[in-house]
Each structure stands twice: as structure tokens, then as C-alpha cells.
Amino acid sequence: MSLEQPRQRDVGVTPDGELDYDELADLLEEYLLDREEHMNAQGFVVRPDEVAAVLETLREEAGFDHLSLVTAQDYQDRYESIYHLKKYSDPTHELSVVVPTTRENPLSQSAAPVFETANWHEREAYDLVGIEYDEHPDLRRILLPETWQGHPLSSDYNQDQPQIVPLREQADPMEHKTQAPDEQDAMFVNIGPHHPATHGVLHLKTVLDGEQVVDVDPDIGYLHRCEEQMCEQSTYRHQIMPYPDRWDYISAGILNEWAYARTAETLADIEVPDYAQVIRTMSAEMCRIAAHLLAVGTFALDIYGDFTAIFMYAITDREKVQHLLEDLTGQRLMFNYLRLGGLAWDLPEPREEYFENVRNFCEYIPERLEEYHNLLTGNELFQMRVLDTGVLPPEKAKDYGCTGPVARASGIDYDLRRDDPYGYYDELEFDVVTRDGCDNFARASVRLEEIRQSARIIEQCVDLLEDWPEDEREIQSNVPRTLKPDPDTEVYKAVEGAKGELGIYIRSDGSDKPGRFKIRSPAFCNLQSMEVLAEGEYIPDMVAALGSLDIVLGEVDR
Amino acid sequence: MSKEQELHDTLEQAQSTQEARMGSGTDDRFNSKLREAFGASPFILTKFDQFMNWVRGNSMFMLLFGIACCSIEMMHTYATKHDLDRFGAGVPRASPRQADVIIVPGTIVSKFGPRLKRVYDQMPEPKFVVSMGSCTVSGGPFQEGYNVIKGAEEIIPVDIHVPGCPPRPEALVYGVLKLQEQIREGESAPVTVKPYELEEFGDLERDELVQQLANEIDEDDLVMRYNWVDSP
Amino acid sequence: MSTLLPETISDALGIGGVTGTFLGGVIGAALVGSFILVNTAVAGPWLKRKIMASFWEKIGPNHIGPFGSLIMVADAVRLISKELVVPEGVDRPAWDLAPMVLASSALLGFAVIPMGSILGINVQLADPEVGLAFVFAVASIASVGLVMAGYASNNKFSFLGGLRAVAQNLAYEIPLILTGISVVIFAGSLQMSEIVAAQSQTLLSVGPVDVPAWFGILNPFALALFLVANLAEVGRNPFDIPEAPTEIVAGYQTEYSSVYFVLLYLGEFIHIFLGGAIVATVFLGGPAGPVLPGIVWFLVKIWAVFLFTQWCRSSLPRIRVDQLIGIGWKGLLLASFANLIVTAAIVGVLAV
């Protein structure tokens, strides 16, 4: 169920629900310079000083309310920002807005006044590629230290130059922050990067008034390990696949691998056998269970303090699902199981035994969920803590580009498994879990219910796999040894990761390595909404809100 | 020059680098003040030191510290199935002041380097470091990244390396047990000067980069200077 | 009325007068103090971990000594032998005093607790007429220690922790004492031995079993109130707000290492045991119990309260600081007043 008001037909949609690019082009006639053909959508080229107007028009008139990703890249002769637009109501309606700027003057208008989510995306583009955004509210480096020299993903960067990184013991927030209402009473606290509640190395610059949060500024980049550069240096066929495992490292490996597999398979036009798709679906849902279990466990950790029973139970159950995944892939955490066009290998022998283990696990999940509900959602103290705290209204969630459980807990009915089906999902039965609470409680309960749905999907997959005829068990289609997609082919594809919409943009340059590899990280976008969640809350609620966002720094920082 | 000779030379060189980095007054983490006073090693002090090593080897508080992928396996090691606490090493403390062992579980990048050093410095002696995963050995799969420090040992001294990407919990348990064994034997990694140290900005050599940043960084700010070319 | 421990000791030593009283007092205090410290030493590094481990379905320390119990020695010696880090900018005398204040205030409370008898010796150091008031007074000195620790550490997390601690103790001290007063109305005395004696009658007999007239049985509502307020007093879940590891690192103890940390840690555990001792004395008939000597029953009761705190710790969420204050001032305070008035009315009616 969606909180959204029903709206009249958007411009650019034909009566049978298809996207009509010509009509959109007419809408944008005064701005349009050129039209490009990308594999997933058309790209409309516009002038760098008209970005905000174009995006505003597209959002208001054509219903493109989801700025999925901003990709920045540099060519020999120009810089380019691509705004990948989608609709929350139908993510198959896609449009790319391409904004070229000259190399001499890489200045482009900011989209942040239209979409809040563009704020961080453009900061990242500035940081890594070096495009500057006019009218941007706060254009600083985001992933790299502020004193970094050069822009590492631009072509003229020298990786061997020395760098100096300062350790500033305490930044004085009053220098550049004016939100604090009364400077006398406010206190500045650095929460992180080493702090038990930050789920890794996140740094929250927090201004407190007593115990209440006046302002919070997440400072990320403490785990920016150049994933995009790594992927750009690796070949499509085999070398890239291990890296996705390390983005969202909470056992969500196969979900991430699938994001790359889906994009690269679209790019190189590779068919995947049905049998492999079913196994992909099954293993991906196992990963989702493991990831959500840890999310619930660490959320409990944040609320309960110290290691507690629920955290331990969640870890125990994760061990079980990790066993199944290990039997299948040979690894506990970094699976490297998918291949372009298929899988690394078939199910483990004896198959019957494996199916039985999986079935036992699927039966065990609902009874276990009862226990979690008893301990967590049924606990009145817990309810006291999490109900109506960390509220993220749906409009805000869309503005910040939130996806996944965070968006679904704000009543946004958006799940790529159903709305933009891939793999075997369109043949399977499952419910998309949404909640209208918009608060920390809703986010926790969405995750708990999604575990149940995932178990349902796995059971259906096992049914299918058991009856699969032996001579049709094809796990890999024919893929050339070296993939060399045509130069300047551009594609952006996304899957439903554990944290939300995990998308990848690839531009090929004619070689066997991508020319540009850009990751749309759901946690990165979700984390931006922190300032809405935390404002005016107490420190404990801010910590709980952070836990309920379920960020993984590996994915935020990439 | 024969292969062996080459190898020998390399080793020699490695040792001299280590010596150069060590400086004087190293590795007295275990020796009690009493022993210094007496000079020799009387029976009682020897027994006392043995007892202290037994104590330190059998009980340690870990620092609650997560960086990246390996921290997930580290949590599993603390938790039910692998239960590091069986060996007296499973109490995570959130404050570095109360911790004995820091497990470094993940990739260290340029922005985090100074913070890691700071956290390490905040721990009271005697302190030990277990580096977990390939990233802390060499940078692991991200070694070629523009932002990645090639191993924890560039910044802090490491007692035990546990390789793997990520290491299984069993491997981490093995690593911790090896550390305990080492401590019980009275051995520890020498505390050496690391290539990347926290220095005051004013103390840096005035080269081009320092000139450029002079407006942004105060003289007495602590900084870490990365010379990527010299990294292994 | 039986003789107190210092008198027993001075009689046994055969020294009279002021010297005898002094020696007897010192030796007695040392004995009782050591006894309590042994309990906390067992609880802190070892049994707590074992108890938590069984809540979490794991094993806990088991590699050195029987059931891993030598971890007590290892942990204690290791913690004491660590480097004492004195951070820059700490407020020296206050920072040094805080751990001692915390540990000693709790230990002082045991001076008036009747711990029953063993081999005919009555283990109680002093039995002043204002015993109960003394315990509450001494135990609440701990709040001063917490504020000192939090303020002097020159750390914002410590500071927040110290502020939280004092707000919490203010909110819960009053209900705690009011509930205690309701018992005093029953017993008609503040003297600990009188309170225990008042609970020694038989309430009713069910077959061969005599149900004693413990106040906890007479007025379970007061017992529940007291237990909740006591959880807040000792800072355990759901009220472990001053420490709150996932929010403010380790609260007031963030900057403490080595011996000072041991003292703070010990202080907390002694406080839990002191809370247990008050509950046992005031609500559970003190050292009373069949067959076994009184001191064993006393131990059983304080360990039961300890177990209760650990149970809460591993299964209850921590509430927010404003909710805690709200519960304290709006909920518990009212309930404890109601309890007091009803008790007074009943006692008054019975007396007439």
C-alpha cells in the first residue's frame, strides 16, 4: 500500500504504460541539445546551466521522482555528468539526463535544489572526478580527506604523488555551521570513526543541545577503498566479479554480484539459462536473510547496549545460513559464485541432502521469527524506544533517493524484484513488505518480515530445482573468453540488494575493461537521510536511527 | 651473482631497515622495573615475570573495533559458535583505555590511517595487535588503489597477521591463540618506528606539497604524510 | 540481642578498652570487606561471563582452571598491572578520587548489614539505630563519585555519562528510600537487626511449611518497586544509561584504565551486591532460612539479586534518558508514595 496520492497521467507515458521518449523530448524542447541512445534508456543532452530546470520539469510533469544515480566521468575532450532518473511507481521508466561540460571550465549547475540526494552524489563527483557544481549548497570533498590533492578518477591524476592527511582533534562546528540556534549551549561531539555504534568507520559530526541532536553531519570516506578504480582496472569476464562481494560485505555477496552480472550481461547481450537463474535467485535470497539477520541483530545491539541475547541469536542463525551458502559456494562471506552468463558450479552433491538442509532451514525460519518478534517487536520497552523515533516521511524518503527496506518502511511500495523483474523472480510468489510507520520500528519490522518472504522464495526455488530434468541442468551459457563490448556503449542496471537499489553504470571503451564503472550504492543514499532522522532526537535515538538505516560502510564509501 | 646470494642480500637489507626503524630502547614491554633495578635475573623475578606473562597470555580485553568485511567474521568469532571468550579473550571494551588487544579487521585507507594510529596510541601498555585479513597484511585486493594503505604495519606494529579474505573465525581463533602463546613465552613484536607516523605539520620538510597546503593546515596540527612511491 | 563482630573479635583477642574496640573494628571490617571483595571478584571477571554465556547459548571462559575460574586471577592481575594512562587535561584530584569514592561508598554500606551467623559468630559490624538510613546515605555518595569521574575526565562522553548518572540517581533515590520507609513503618525501626527480627515470625503455615512474614511476601508490590529502583540505582539494563556502550562509549569510565578502571568496575559490582544485601535484609528476611547457616542464606539471596540484574541486562532494551527520568519522577515516585500511604494506613488500622 502506498501513501502516495493518485496522480493524473504523466507526460511521456503512452496509454498502455510505455515510455514515449518523443513526447518527453517535446516537453523539454527548449532545453534539449541532443539525444543519445543508452542501453537502458535514452539520454537527453542538455546545457550545463539548465540542469535544475530540466530535472524540475521532468519531476513535476513527467513523474520522474527518483534520482537514482549521478555518474560523473571524463572523456578526452569533455567532462560529463549523467543523471539517471527513474520513477518510484515504475522503475522500468528510465531516462538519463546527460550534461557535458568543457575540460577548461568544468562547471555545471547543481541538481541539489531539486533532488536532495544529488547533494552527496555531486560532492562525490567533485571529489573523484573534479566537476564543479554551481549553486551546490556545500561542495566539499566527501570520500577523500579535505587536503587531498587532485581528483583520482580524472585522467590526469598521478597516483604516486604524496599526500598529507591531517588529524584534526576537534573541528569547531561553529565556523561553518550556523544551524545551531544558540552557540552558547551547543556542544560538539565527534561520534566515530571509532565508536561502538557506528557499524564500522562512520564519523558523525554531531552538535548537541543537552542530549538533543541539533545538527548531524555524517562524514564518510573512512573505508573508501577505490572499488570503482579497481573495477575499471579489471577485465569483464572474471576479474571484476570478486569485488562486488566486498561492497555490501554482510553476506550479501551474491546480491551484489548479481548487480554486476545483470549489468554486464545486458551490456554484452548474454543469455542466462533458467536453471542458473533459479539457483541465483535461491542463493541471493539466502544472502538477503543473512544480511537482514545481522541488521536486526546490530539494531538490537544499538538499542540494548553491549552484546545481548538477540544479537547472539541472530549470529547463531546467520551461522546456519552461512553453512548453506558455504556448501553451495565454498566460502562463508565472499562467495564469488556468479559468472557472466551463469554460475561457477552446480548445486553440491548429494543434492537431496542439500535440499533437505535448505528445507529444514526454511521451516526453521518462521518459528525463529516468532522468537524475534517476542523479544523485539513484542517487547514494550523496545516499542517505547523505537516507535515514532527517527521518522522519515515518504516525500523526504523519495527526495533523498531512499530505497530498500528504508523506503518500504516509509510506505513506498518499491521493490525491483517485482517492479523491474530479473532472474526468476517474475515466476515466483512473494509479497513486498511495506509499513506506514516511517519510524525505526517500521524499518526493523520490515526486515523481519522480509526474512519470512525470502524463506518463501527459497522454498519455491527448491521445489523447482528438485523437479528440474537432469539433462537440462545448464549452469553456464556460451560466453566468449574475452569480452569486448562495442566502444561507448552505456548501460545502467540495478537489482534489489539487501539495502535497496544496487545499480551499476558501465561505459565501455572498446577494450576488455570498462571505461567507467560507477556503483549506485543504496546505503550511500539512505545514509543521507540521517539528517532528517536525527534532527531533534536524543543521542540514543540517533544511534537507533543509524542502526535502523542499516548502512554498510563498505558500500557507502566503496 | 647467484640466486642465494641475492636472497641473502635482500634479507640483510630487510634487517637493516628494521634496525633503522627500531631505534634504541625497544622491546621492553615485558620487563618489569624491578628487573631493571636489579640488573641480573634473580629467581623470584624470573618466576614473577613468568607469572605475569601467563597472566597476560590468558586474559585479554579486546577493543570493540570494526572496519570492514573482516569485522563481520570477527563478530562471529566473539559470538556463539566460535566463542573467543573460552580463551579469556572475548570481552570487547568500547574504550581503548581498557583494551589490551586491538584486532584490525579491514582495509585501512588514507583518511583512517591517522585515526588508527590515534586509537592505538590511546591503549595502555602492554598492548598487542592482531591484524586480520589480507588488507592489513598488504592492502589485499585493493592494494593498487589510490587511497589504500598497504598493510597495517605501515602505521602500527603488528604482533600476529591472520591472512585470508576474510579469514574464517577458526583462523582468527588460531591467530589469537598464537598471540597468547607468544605472550606466554615472553615474546612480542618490536615496537618500531613506522613509515607513516603522526607528525606536526610544522615539522615536515618544506616541499611543494607542504607549501600548497600551508594555508589549510595549522603548524601544530598533527598530520600523516603518505609517500605512495615508497610503499611496498 | 547477639554480639556484633568487632566485640566477638576483641573478646577473642582478650583486649579490652578502646584498643580492643579499635582492633576488633579494624579486623572485623577487613574480614567483611574481603568477604565482599571475594564475592565481586568471583562475579566480575568470571561468573558474570559464565552467566551471560549461558544466556547467549555459548560457553564462556573454560580454558584455565576448573570451569575457567582461574581467569579471575589472570584478569585481576593483568588489569592492575596495566599502564595507568592519565589523559591530558584531567582534573587531577577529582579524577583520582572518583574511583575510590565509588568503590568505598558501596563497601561502607556493608558495615551495618546483618549477614547472619556462622559457627555462632554474628557477622555484622555495627548495628546503629539509624541503620537503614545509613545504608541509603552511604550508597548515594556514589553519585558524587560518578559526577566527579565524568566531569574530571575531560572527555565529552564521560561528561554526558556523569550528567546522566546524576540525573538518574536523583530520579531513583527518592522512590528507593520511600519504598524503604514503607518497610520501616511495618517494622517500627530503622535498626537493621530489628527489621530482620520483625520478619522472623511465621505468616501462615501451609502443611509442614511455614511461610515467613518477610516483607517481600507481605508486600510484593513494594519489593517489585524496590527491585526496579535498585536496577536504576546500580545502572543495569534497562537503566544502564550512564554507561551506555553503544551511545556514549563507556560513559563516565571512558578515560579510566588500569587500577582506576578496576576500582570503578569493582565499585559497580559492589553496588549491585549492596543493592542485593538491602533487598535481602529489608524484604527477604535477611539471613533467615532453614537448615543452612545464616550467612549461606544471605549469600544465596544477594546472588539471586545479582542474577536478576544479569538477566535484565541480557534481555531488556535500554530506555532513553528522558524516558528514564519520566519513569522515575512520574511513575515510580507516585507508586512509591501510594505504597507508603497505603502501608501507613494499614499499619495504622492494625495498630488500632
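Tutor: Start with polar contact: a pair of N or O atoms within 3.5 Å, where within protein one must be able to donate a hydrogen and the other to accept it, and residues adjacent in sequence count only if both atoms are side-chain atoms. By that rule, 22 residue pairs are in polar contact across the interface of chain B and chain A, both residues at pLDDT 80 or more. This is a predicted model: local features need pLDDT of at least 70, side-chain atom pairs count only at pLDDT 80 or more, and totals for chains, interfaces and linings use all residues. Residues are numbered from 1 along each chain as its sequence is written, chains are lettered from A and ligands numbered from 1 in the order in which they are written, and side-chain values use heavy atoms, with hydrogens and water left out.

Student: Why is the pair A:R332 and B:E73 called a salt bridge?

Tutor: The term needs a side-chain nitrogen of Lys or Arg within 4 Å of a carboxyl oxygen of Asp or Glu. The closest N and O atoms of A:R332 and B:E73 are 2.8 Å apart, so the pair qualifies. The interface of chain B and chain A has 3 salt bridges.

Student: Which elements of chain A give two or more residues to the side that touches chain C?

Tutor: Strand 9 (186-191), helix 6 (274-304), helix 7 (309-329), helix 9 (380-386) and helix 16 (539-549) do. Helices (H or I, at least four residues) and strands (E, at least two) are DSSP runs, numbered from the N terminus. Strand 9 of chain A gives the largest share, 5 residues.

Student: How many residues of chain B and chain A are in contact?

Tutor: Contact means heavy atoms within 4.5 Å. It takes 57 residues from chain B and 59 residues from chain A.

Student: How do you know which part of chain B has the lowest confidence?

Tutor: By pLDDT, the predictor's confidence in each residue, from 0 to 100. Helix 1 (residues 3-22) of chain B is lowest, at a mean of 53, and strand 3 (residues 101-104) of chain B is highest, at 90. Over residues 20-27 of chain B, pLDDT is below 50. Where pLDDT is low, the predicted coordinates should not be read in detail.
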